[in-house]
Amino acid sequence: MNPVKPGETPRTPWIVGVSGASGTPYAAAVLRGLLDAGESVDLVVSRASRLTLLDETGISFRDAHWQDDLREWLALGADGKPGAFAPDIDAVRHWSAGDLAAGPSSGSYPAKGMLIVPASTACVAGVALGLSKDLLQRAASVTLKERRRLVVSVRETPLNGQTLRHLVTLDDLGAAVVPASPGFYAGATHIQDLVDFVAGRVLDAAGVEHDLYRRWQGDLGGSRTTGN
């Protein structure tokens with residue numbers, strides 16, 4: 001378990017927002033990475049993301065049964081194979097996306113920061129413009145105003161000028177923009193390796209330790225000899 005730092009409570013979570021963009025395996029890998037690092041998590045799953053999750057995994061994420069649904073989701077491999085992981089979700093607290101009175105909606109609620117993964121262009125626009133139309137956007141606005149870490153992993157291609165301007169705005173506000181762009185120098189041999197690379201870069205931006213991918217050591221051809 002990570003030590004409690006000055007200004008933190010025994011449970012000072014990372015807020016993880018999941019928007020409606022394609023890429024729910026990225027979110028699952030980030031959540032597993034945080035939990036493996038001994039971090040607490042406050043989870044916000046948007047209404048649109050539930051449709052994406054259903055389409056990509058066949059899992060219906062329900063507020064009344066979120067623990068069972070989350071456990072099933074995090075157990076899936078990126079290839080859709082069930083039982084690939086055995087997640088311990090005891091450190092997760094779930095908030096409904098429509099609950100604007102939830103803890104993360106207030107700056108006085110203790111949090112280390114927020115990770116939005118994947119981030120849709122609609123989500124990016126809402127956060128950049130400060131719309132706060134749901135808890136995910138409100139929590140992101142709170143994160144920015146409290147000068148906490150905000151990591152936005154945008155998953156869309158191509159990007160139009162409007163979205164690019166919104167991303168520049170987020171960068172100007174202090175957010176880290178981490179596109180869901182997997183690298184291949186880590187010796188990926190499986191789709192899970194590519195997903196874990198992106199998740200690892202998200203966690204890098206948040207300052208959370210992990211071992212999700214092989215880091216570059218300056219040795220050309222190293223991925224061919226060592227693999228992942």
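What covers the buried residues of helix 6? In this predicted model, local features need pLDDT of at least 70 and side-chain atom pairs count only at pLDDT 80 or more, while totals for chains, interfaces and linings use all residues. Residues are numbered from 1 along each chain as its sequence is written, and side-chain values use heavy atoms, with hydrogens and water left out.

Helix 6 spans residues 161-172, helices (H or I, at least four residues) and strands (E, at least two) being DSSP runs numbered from the N terminus. Its twelve residues reach 16 Å from the first C-alpha to the last, close to the 16 Å expected at 1.5 Å a residue, where the expected span is 1.5 Å times one less than the number of residues. T163, H166, L167 and L170 are the buried residues of helix 6 (buried, under 20% relative accessible area; exposed, over 50%; partly exposed, in between; 1.4 Å probe, protein chains only). These residues lie on the same side of helix 6 because they cover an arc of only 100° around the axis, the arc being that of the directions from the helix axis to the C-beta atoms. The cover over the buried residues includes helix 4 (121-129), strand 5 (149-154) and strand 6 (176-177), whereas R165 and D172, on the other side of helix 6, are exposed. Just after helix 6, G174 takes a positive phi of about 105°.

Helix 1 (residues 24-36) is largely enclosed by the rest of the structure, because eleven of its 13 residues are buried, among them Y26, V30 and L34. Just after helix 1, G38 takes a positive phi of about 80°.

How values were computed: Contact = heavy atoms within 4.5 Å.
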